[in-house]
Amino acid sequence: MAAGRPLCKGMPIHLTIGNTHRCNFDCFMCFRRHIDLKAITQWDLGIKTFRQIAMECFPYTLRVELSVSGEPLASPTIIEELNLSAEYGIRLNMTTNGSYLIRDQIRQALLNTAGDISVSFDGATKDTFERIRRRGNFNAVVNGVRTFNEERKKLPASNRPNVGATTVLMHSTINELPSWVSLMHKIGMDSLEGSHILVPADRDQESLVHYKILYNKMREESLAEARARSIPLILPPPFPLEDQTPGEKSTEEGTPAPLPSKDSSILCPYVWHRSWIQYDGSVSPCCNPNFRSSMGNVNENGFKAVWNGPAYQKLRRSLRSGTADPACRTCHLVLRQDREAVPDDLFIIN
Ligand code: SF4
């Protein structure tokens, strides 16, 4: 790269906006149980900052995701956020616990701007659901989601949001997985997906590595149920039963992956195309928790000043020149290539 400042020609086409930290549920496997919520001083982004981001970015943005740390529809200004997104023609993507879909006003505003909606739903019975998704009301979520699905299916196909369900695969729910498939189909979901629980130390007994035969059996039954109902279902592969026994350590465990050599460039898809705006208006380049530096704050001089400000320029230059932060050099989100392979049209050189 010739000497100069790596500015970015365009605005990000993909934004994640943390609109709220709030969540009305307290699911027992949620990562929020392991963060100090009392230390949060600002719970909501606020409509003023949301409007600033919309004004600067939405004319250029193809894809916007709302909060991944809280329940996005719990924001106190959610109706204004949804209406503003609709005004700019944005299709919002989000993961939701589905509880706010019982409210008419939220459903109607969401129908005007929703793109891909993923509803987290665990268990197929009221008892299991409410034991896992604490403070949740099974009947309210089922009714809200069903109504939203009925309403969206009346929209023309070109404006119709996609709605899928996701579930956490664990011991408490695995016996209900085939019934979950049937229930989700009944309430109008388009697609289904399950992912293994990320086990907190106090919940090790929930991991299906201890119940491999059971998982494999319920997986087969659930896939058969999905085929019978013609609904797509993605599940992790079956456990190879001759695999290592639970608790046995991989021989490679503890050997850190080697860092890429110091002078290799990193072709990061994030810093030229995407951005991540946190709840207090601070901007991160991505969701890698090991990358801790802020790029600036939208509340100071707006997003554009951050996007081509000193921190972003320094980061882009370091990725190109092979002097990147260790978080970038061990990043699972990027394609690493030789310096020569980084396309020059990603840069404007002053
Ligand atoms: S941590 Fe990964 S995704 Fe984030 S800026 Fe560095 S290389 Fe890009």
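Begin with the open sheet of ten strands, whose order is S7-S6-S5-S4-S3-S2-S1-S9-S10-S11 and whose pairing is mixed; strands here are DSSP runs of E of at least two residues, helices are DSSP runs of H or I of at least four residues, both numbered from the N terminus, and two strands pair if DSSP finds at least two bridges between them. Its edge strands are S7 (233–234) and S11 (296–297), each of which pairs on one side only.

Before going further, note that this is a predicted model, in which local features need pLDDT of at least 70 and side-chain atom pairs count only at pLDDT 80 or more, while totals for chains, interfaces and linings use all residues. Residues are numbered from 1 along each chain as its sequence is written.

Next select S4 (residues 114–120) and S5 (residues 162–169), which pair in the parallel sense over five bridges; the bridge partner of Ile 117 in S5 is Val 163. On the way to S6, six bridges join S5 to S6, again in a parallel run, and Leu 169 stands opposite His 196 in S6.

Now move to helix H7 (residues 177–186), where the buried residues are Leu 177, Trp 180, Val 181 and Met 184. A residue is buried if 20 or more other C-beta atoms lie within 10 Å of its own, exposed if 12 or fewer, and partly exposed in between, with C-beta atoms placed from the backbone. Looking down the axis of H7, you will find its buried residues within an arc of 105 degrees, so they line one face of the helix; the arc is that of the directions from the helix axis to the C-beta atoms. The elements that cover these buried residues include S5, helix H6 (171–174), strand S6 (191–196), helix H8 (212–229) and S7. Just after H7, select Gly 188, which takes a positive phi of about 95 degrees.

Which residues touch the most other members of the largest nonpolar core? They are Ile 53 and Met 184, in a core of 69 residues, a core being a set of buried Ala, Val, Leu, Ile, Met, Phe, Trp, Tyr and Cys residues joined through C-beta atoms within 7 Å. Not counting residues up to four places away in sequence, Ile 53 touches Ile 17, Ile 277, Val 298 and Phe 303, where contact means that the C-beta atoms, placed from the backbone, lie within 7 Å.

For a further buried position, select Ser 85 in helix H2 (residues 78–87), which is buried because 25 other C-beta atoms lie within 10 Å. Beyond four places in sequence, Ser 85 touches Val 64, Ile 90, Leu 92 and Thr 113.

By contrast, Cys 23, in the loop between strand S1 (14–17) and helix H1 (47–57), is partly exposed, with 19 other C-beta atoms within 10 Å. Cys 23 touches Arg 32, Gly 70, Glu 71 and Ala 74, again not counting residues up to four places away in sequence.

Finish at the ligand, which 13 residues surround, the closest being Cys 268, Cys 286, Asn 288, Cys 328 and Cys 331.

Notes. Two residues are in contact if their C-beta atoms, placed from the backbone, lie within 7 Å. A residue is near a molecule or strand if its C-beta atom, placed from the backbone, lies within 6 Å of it.
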